[in-house]
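Please work through the following exercises with the sequence and the model side by side, and try each task before reading its solution.

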Amino acid sequence: MVNKCFYTASIWKNYSKNAILAPPLGMVYLSALLRDKGYDTNFIDANILHLSKEQILEKLHVMNPDYVLYNVITDNLQDTLSWIREIRKDYNKPVIIGGPHMEIYPEETMTHECLDYGVVGDGWETLPELLDALEHKKDLTKVPGLVFRKNDKVILTEPRPKRVSLEEVPFPARDLLQNEKYDTVLSKARPITIMITALGCPFKCTYCCTDTNLRARSAEHIVAEVEECINTFGIKEIEFYDETFTVNRKKMNRFLDLVEEKGLKFYWSIRTRVDCVDRELLGRMAKNGCIRVNFGIESGDEKVLRAINRNMSIDTIRKAVQWSKEAGVMTFGFFMIGLPQDTKESIEKTLNLMLELDLDFMQLNKFTMLPNSEIYEAYKKETGKDFWREYTLGKATLDDLKRDYLQITDAELDEYLERGYRQFYYRPRYILKKLLAVSSFREFKRLASGAISLLGSRG
Ligand code: B12
Ligand code: SF4
């Protein structure tokens with residue numbers, strides 16, 4: 001489910017129905033790792049299979065696992081907990097939880113009695129060590145990166161260093177997935193998959209909570225996974241989901257050399273920053289199957305960009321988009337409104353830039369402070385408020401999240417958001433361009449459903 005605090009109620013309602021249906025990579029990575037270590041592992045993507053609670057329980061009773069594992073991100077914590085509580089009523093085996101949220105509020109999360117063990121941070125070493133300790137009744141306090149309850153006390157062990165790279169673990173267990181079910185409204189060919197070529201990002205934008213320690217894979221290792229996707233799973237399109245795919249130019253050249261040498265035919269898309277591309281690179285990417293570049297543009301106001309530590313000029317943004325168009329690569333821009341430095345004027349600049357760039361697609365979010373980001377830490381210090389802690393403890397819901405640092409109301413932000421989407425996607429020139437570019441009825445249907453998902457009526 002996509003979270004409503006980032007969108008208006010109507011956009012959220014429609015978007016969450018039509019959201020990107022991406023395989024849960026972290027979980028299939030861990031499944032592959034455990035299988036490699038001799039554990040009998042299975043994985044259910046209840047979301048993609050649209051399973052009801054009863055259907056999940058049915059599957060659990062057939063599989064009969066000793067432990068049930070869940071991934072949690074901050075946004076879906078409350079939903080995940082309520083599912084776990086429901087499932088435990090009928091399948092009461094120990095629950096292990098992990099994911100980005102556990103790194104931020106491990107002890108608070110573990111106060112929920114439906115959880116037994118939490119893996120804090122990287123799971124690569126902690127999860128197998130936890131299972132081994134449970135199997136052999138070893139002392140859990142000796143396992144770094146763990147949180148658990150003992151005699152009603154929450155115990156957090158020493159931190160686990162982040163040292164394992166994605167080259168040291170097996171490729172994700174895509175054989176456990178129904179790959180043909182994954183899709184995005186923008187995909188050109190199915191089946192699709194997603195891939196991560198690096199963990200972390202070397203930049204330090206103040207609103208972001210990504211690990212600043214980049215653990216990147218070599219071009220050879222990435223291409224080996226691409227080959228497995230194509231040859232073993234019949235994948236036709238890959239979305240590279242790491243935040244700054246093109247950050248290392250030398251590696252990009254090697255990656256493209258290998259794709260060329262091996263004659264790999266697949267569509268792909270990436271996410272990156274406008275200051276990490278150039279004309280030549282984009283041209284080569286397009287020749288080798290890249291169909292879309294997703295740029296984090298964020299704001300149309302240089303003052304705001306500087307304040308959030310994104311030191312890039314509007315001109316750099318314009319150039320990156322222009323070069324992509326020249327190369328024949330589709331452009332997707334991410335924008336945010338409601339940053340602490342935003343004013344009505346800066347938001348207007350953002351909406352104007354969005355239109356001026358004439359991107360192929362855009363996503364406009366209401367800025368939401370993420371725990372562990374520089375902005376949130378400063379807000380906490382200044383106000384003494386820690387909303388996400390209260391939320392983790394179950395004492396607040398997402399509806400209690402207030403943007404009290406802004407002179408603009410939430411209702412006004414919603415209006416900007418609705419206007420932004422309407423102005424962008426309802427431009428007659430835009431609609432005509434998109435319709436002319438459609439090559440099949442399937443593509444038309446997808447385009448229409450994508451538009452509807454973004455533009456549904458107020459809910
Ligand atoms: C791919 C991706 C997506 C994809 C697909 C998600 C999916 N189905 O996997 C899409 C585009 C759908 C997506 C959407 C969103 N995402 Co996202 N996404 C990512 C991204 C880039 C990669 C995730 C990944 O596969 N990582 C690789 C694996 C190996 O790492 P991992 O998942 O962290 O798992 C490791 C540990 O956490 C741990 N672990 C994880 N799960 C478990 C479970 C158990 C049982 C155990 C023991 C251990 C464990 O072990 C793993 C190995 O070390 C991350 C950033 C990143 N680089 O990780 C953001 C990230 C997870 N997303 C994030 C956010 C905020 C969102 C959105 C809310 C954005 C939005 N505005 O809508 C939505 C929410 C969607 C939802 N409700 O699920 C945040 C979450 C922050 C947080 N505090 O929780 C992240 C961390 C990015 C960031 N830094 O801001 N996302
Ligand atoms: S916002 Fe993007 S570029 Fe900035 S630190 Fe986060 S991942 Fe890196």
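**Exercise 1.** Determine which handedness the β-α-β unit made by β9, helix α9 and β10 has.

*Solution.* Begin with the elements, which are strand β9 (residues 237-240) and strand β10 (residues 267-272), with helix α9 (residues 249-262) as the helix of the unit; helices (H or I, at least four residues) and strands (E, at least two) are DSSP runs, numbered from the N terminus. Next, check the pairing, for which DSSP must find at least two bridges between two strands: β9 and β10 are joined in the parallel sense by three bridges, and I238 has W268 in β10 as its bridge partner. The unit is right-handed, a term that applies if, with the strands pointing away from the viewer, the path from the first strand over the helix to the second runs clockwise.

The model is predicted, and local features need pLDDT of at least 70, side-chain atom pairs count only at pLDDT 80 or more, while totals for chains, interfaces and linings use all residues. Residues are numbered from 1 along each chain as its sequence is written, and chains are lettered from A and ligands numbered from 1 in the order in which they are written.

**Exercise 2.** Follow the chain from β10 to β11 and describe the crossover.

*Solution.* Strand β11 (residues 290-298) runs parallel to β10, with five bridges between them, and T272 is paired with F295 in β11. The path from β10 to β11 leads through helix α10 (residues 279-287), and this β-α-β crossover is right-handed.

**Exercise 3.** Find the strands at the edges of the open five-stranded sheet, and say why one side of each is left without a neighbour.

*Solution.* The strand order is β1-β2-β3-β4-β5, and the pairing is mixed. β1 (68-71) and β5 (153-156) are the edge strands, and because each has a single partner strand, one side of each lacks a neighbour in the sheet. From one strand to the next, the twist averages 20°.

**Exercise 4.** Work out which residues of α7 are buried and what covers them.

*Solution.* T126, L127 and L130 are buried in α7, that is, 20 or more other C-beta atoms, placed from the backbone, lie within 10 Å of their own. Seen down the helix axis, the buried residues of α7 fall within an arc of 95°, so they line one face; the arc is that of the directions from the helix axis to the C-beta atoms. Their cover includes α2 (25-36), β2, β3 and β4, with contact meaning backbone-placed C-beta atoms within 7 Å. After α7 comes K137, with a positive phi near 50°.

Methods
Axes fitted to C-alpha atoms, helices over the stretch in contact; angles between N-to-C directions. Buried ≥ 20, exposed ≤ 12 C-beta atoms within 10 Å, placed from the backbone. Contact = placed C-beta atoms within 7 Å.
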